[in-house]
Amino acid sequence: MDMVMKLGTSSSVVIFTKSSCCISHSIETLIRNFGANPIIYELDTHSNGKKMEKALMELGCQPSVPAIFIGKELVGGANEIMSLNLRGKLKQLLIRANAIWV
């Protein structure tokens, strides 16, 4: 779990994904469309991917991907990101995390 937390807090936006997950790709695209440049960890291609996936599940990510850290905090998965976006709060969160500048 420590490895995931360390990686998750290493940048203003970090997304844990799987290369075959279309929801992960959609969330990545959404965040990039705001102008952010997230760090992406694809668990199915990463050498420690299985351990990272287990750690994400222990942190409460169900399903394990996508898991999004913004501003060095675990925001959650696709549902949380989409909810923030629909309420107009995702952009402000990205600004506060210094992931984008307006």
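Reply: In this predicted model, the face of helix 2 that is turned away from its buried side carries the exposed residues Cys22, His25 and Asn33. The buried residues of helix 2, by contrast, are Ser24, Ile27, Glu28, Leu30 and Ile31; seen down the helix axis, these buried residues fall within an arc of 160°, so they line one face of the helix. An α-helix has 3.6 residues a turn, so residues three or four places apart point the same way.

Helix 2 is followed by Gly35, which has a positive phi, near 105°.

The cover over the buried residues of helix 2 includes strand 1 (13-17), strand 2 (39-42) and strand 3 (67-70), together with helix 4 (78-86) and helix 5 (90-96). The strands named here belong to an open sheet of four strands with the order 2-1-3-4 and mixed pairing, in which strand 2 and strand 4 (73-76) are the edge strands, each pairing on one side only. Neighbouring strands of this sheet are turned by 25° against each other on average, direction ignored. Helix 2 packs on the sheet by touching strand 1, strand 2 and strand 3, and its direction makes about 165° with that of strand 1. Further along the sheet, strand 3 and strand 4 pair in the antiparallel sense over three bridges, and Ile70 stands opposite Glu73 in strand 4.

How values were computed:
Residues numbered from 1 in each chain as written. Predicted model: local features only at pLDDT ≥ 70, side-chain atom pairs only at ≥ 80, totals over all residues. Heavy atoms only, no water. Buried < 20%, exposed > 50% of the residue type's maximum accessible area, 1.4 Å probe, protein only. Helix = DSSP H or I, 4+ residues; strand = E, 2+ residues; numbered from the N terminus. Arc of directions from axis to C-beta. Contact = heavy atoms within 4.5 Å. Pairing = 2+ DSSP bridges. Axes fitted to C-alpha atoms, helices over the stretch in contact; angles between N-to-C directions.
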